[in-house]
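Reader: Before we look at any single feature, I would like to learn how such a model should be read. Could you take me through it in turn?

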Amino acid sequence: FTPSGALAAICNHSKIRDSRISRSATDFDPDLATMVSTRTRTLYTLISFASTDAFVGSLHRCGRGGSLSNVDVGSTSDPYPTSDEFQRRLLEAQLDNRSSIEDNGSGVNGDDEPTANAAPIDIQAVQNSLLRVCAGTDRGQCAKAEQHDEMSRMVSKLEGVAPMSDDPVSSIPPSLAGTWELVYSNVQLFRSSPFFLAGRETCKTEDEAKQYAWFCDMHRAALAISTIGVVRQVISSSGKLVNEFEVKVGSIPFLSDFVPFLTYSGGLPVTVDGAIVSTADITPITSSEWELYMDTVEIKGSNVPFLRDLLDSGNIALKSRALSDLLEQNIDSYERPRPKLRTTYFDDSMRICRDKDDNVFVYARVSESEDPTNYEDVMADLGIGSLLENFNDSVAKIYL
């Protein structure tokens with residue numbers, strides 16, 4: 001079956017004795033209507049096949065000195081096969097040619113590389129886009145649903161590029177040690193703390209987990225007057241995780257409550273500052289999964305006079321292990337919470353973690369330091385000292 005024969009077949013199958021058959025003629029002549037339908041369908045089949053890779057590949061082989069034997073739609077003894085057999089032979093030829101293309105290891109466009117292979121993503125570009133959304137939504141706190149969806153897609157891209165190994169390990173990889181700041185979460189930022197991860201671990205049913213998530217949302221709503229500062233994790237190669245959650249609260253929010261003749265309900269630029277610092281021991285299960293064992297919760301760097309000395313003494317720190325001992329001795333069903341934290345992606349500058357509920361926490365590396373923040377230099381004066389100093393420099397300008 002040569003190219004000229006193919007053209008002849010197309011012409012022969014497309015001949016209709018009357019080129020202008022009206023709708024009324026086909027209505028009165030059923031045989032003519034059947035002939036028109038059959039020949040038209042055959043013509044469309046030929047045209048469709050001529051546009052496929054199989055037919056093009058056959059022409060390529062013919063141009064290299066081969067023949068179009070795979071497209072044998074008829075023989076000399078049967079120059080005009082029926083429409084059904086003709087389509088069957090075309091389909092067989094198409095499948096045969098597609099098989100030969102796949103065997104040769106080339107793509108459907110004749111390229112050396114299969115077109116199905118996805119192009120590698122630009123990791124730096126994805127990270128830059130992710131960080132722009134983080135900055136514009138205050139680490140996800142102000143993000144809308146579509147922005148969370150966008151972040152989820154970018155996180156999935158990064159996780160797909162460099163999947164973490166599930167091989168068991170006995171120590172923390174040195175590349176994960178250091179200081180990391182939380183730049184995005186799809187839940188409340190404080191849920192990255194081992195204290196709240198341990199709280200979630202105590203939930204045994206789905207309903208309890210939903211109630212816990214609702215409690216976390218209400219907890220943040222009740223403290224809406226506060227401003228969340230830096231949230232960081234310090235990971236040491238010795239197996240210690242320190243979570244620092246810095247917060248600032250207006251100390252005199254409503255002046256009208258204290259001065260009745262004032263109608264202005266604003267406050268003074270005086271705040272209560274502090275950091276909620278929780279620590280936990282890390283037990284590596286695999287290179288991508290850690291088990292956390294909650295230890296203590298303390299408030300450090302408070303700027304409240306007198307209270308600062310009491311907090312720094314460590315006497316009122318929450319010692320969760322002692323509390324667990326007490327609960328374990330008195331409640332038979334109580335089990336020490338040991339939450340799991342999975343690292344799904346990390347490189348020199350970014351680390352992505354997920355908790356038990358697949359909530360996302362994205363961290364950016366600040367430094368390689370394994371030392372927690374030193375809050376001893378924070379003045380315990382409610383910030384009044386720096387307020388007066390700035391007032392003098394900007395307004396009074398009285399210098400001795």
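Reader: Is Asp325 buried, partly exposed or exposed?

Author: This is a predicted model, in which local features need pLDDT of at least 70 and side-chain atom pairs count only at pLDDT 80 or more, while totals for chains, interfaces and linings use all residues. Residues are numbered from 1 along each chain as its sequence is written, and side-chain values use heavy atoms, with hydrogens and water left out. As for burial, buried means under 20% relative accessible area, exposed means over 50%, and partly exposed lies in between, with a 1.4 Å probe and protein chains only. Asp325 has a relative accessible area of 32%, so Asp325 is partly exposed.

Reader: With which residue does Asp325 form a salt bridge?

Author: A salt bridge is a side-chain nitrogen of Lys or Arg within 4 Å of a carboxyl oxygen of Asp or Glu. Asp325 forms one with Arg336, and the closest N and O atoms are 1.8 Å apart. Asp325 lies in helix α11 (residues 320–330) and Arg336 in the loop between α11 and β7 (340–346), so the pair ties together parts that are eleven residues apart in sequence. Helices (H or I, at least four residues) and strands (E, at least two) are DSSP runs, numbered from the N terminus. Arg336, at 22% relative accessibility, counts as partly exposed.

Reader: How many salt bridges does a search of the whole structure find?

Author: The search finds 21. Another of these pairs is Glu244 with Arg232, whose closest N and O atoms are 2.7 Å apart. Glu244 sits in strand β3 (residues 240–250) and Arg232 in strand β2 (residues 226–235), twelve residues apart. Glu244 counts as buried at 1% relative accessibility, and Arg232 is also buried, with a relative accessible area of 11%.

Reader: Which residue forms a salt bridge with Asp358?

Author: Arg354 does, with the closest N and O atoms 3.9 Å apart. Salt bridges that share partners join Glu159, Arg342, Arg354 and Asp358 into one network. Arg354 counts as buried at 10% relative accessibility, whereas Asp358 is partly exposed, with a relative accessible area of 39%. Asp358 lies in the loop between β8 (350–354) and β9 (360–367), and its phi is near 70°, a positive value in a residue other than glycine.

Reader: Where does Asp138 lie?

Author: Asp138 lies in the loop between α6 and α7. Its phi is near 55°, again a positive value in a residue other than glycine, and at 35% relative accessibility Asp138 counts as partly exposed.
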